[in-house]
Amino acid sequence: DSQLLAPLRLLREKTPEIDRAAVFLTGLRFLGDKSVKLREAEVRRALPGVAVHFKYRLIGVCPGESSIWTGQLRRSIRRLGWDSRQPIIVHCRGEATAVAAIRLKRSDPRLRILVDVRGAAEDESSYAGWLGRYLAHHRRRQLEEAMAGADAVNTVSHRLMDHLRRRGLLR
């Protein structure tokens, strides 16, 4: 996946003083799924020396999802033993993971959050009625929290960036 590998390769090339990185692969698939192991191996081949961790992701808007993700990220960083005062850049693909990282940042000021916005999730709900309204509201709140706490934002297109600006979500 070039959205993961290309930036890490570029960082390695341009900033050789950065001597460690951790990749937290997240997915809706269970850890036993063969494609997870293949993806992990692909990252390891492309980026030797990078720590790769897989975290199972809850589906959609499960109650407590952000709290669970925050705890997983906290434990994973602790396990890596990164105890220096150097910043830790967390590249979050999507609002749900960004919200979790931003909540952890409140207690760990080393974190710098890059939010990778893939689309306007609140506009993409395929559900009608009260469930659709709830999901749109939940996703809108996640996006607002992610944008408010992010140190940097990346989008898939200029059009999406303009959409976020028009909504007043970018500072």
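The model is predicted: local features need pLDDT of at least 70, side-chain atom pairs count only at pLDDT 80 or more, and totals for chains, interfaces and linings use all residues. Residues are numbered from 1 along each chain as its sequence is written, and side-chain values use heavy atoms, with hydrogens and water left out.

**Exercise 1.** Describe the order of helices and strands in the chain.

*Solution.* Start with the parts list: the chain has six helices and five strands. Helices (H or I, at least four residues) and strands (E, at least two) are DSSP runs, numbered from the N terminus. Now read along from the N terminus: α-β-α-β-α-β-α-β-α-β-α.

**Exercise 2.** Trace the salt bridges that link Arg 103, Arg 106 and Glu 145.

*Solution.* Recall the term first. A salt bridge is a side-chain nitrogen of Lys or Arg within 4 Å of a carboxyl oxygen of Asp or Glu.

Step 1. Glu 145 and Arg 103 form a salt bridge, 3.0 Å from N to O. Glu 145 lies in helix α5 (residues 129-149) and Arg 103 in helix α4 (residues 95-105), so this pair ties together parts 42 residues apart in sequence.

Step 2. Arg 106 and Glu 145 also meet in a salt bridge, 3.4 Å from N to O. Arg 106 sits in the loop between α4 and β4 (111-117) and Glu 145 in helix α5, so parts 39 residues apart in sequence are tied together.

Step 3. The whole structure holds five salt bridges.

**Exercise 3.** Decide whether Leu 169 is buried or exposed, and find its contacts.

*Solution.* Use the cut-offs: buried means under 20% relative accessible area, exposed over 50%, partly exposed in between (1.4 Å probe, protein chains only). Leu 169 has 13% relative accessibility, so Leu 169 is buried. Leu 169 lies in the segment after α6 (158-166).

Next, the contacts (heavy atoms within 4.5 Å). Beyond neighbours within four places in sequence, Leu 169 touches Leu 143, Glu 144, Met 147 and Leu 164. Leu 143 is 26 residues away from Leu 169 in sequence, yet their C-alpha atoms are 8.3 Å apart.
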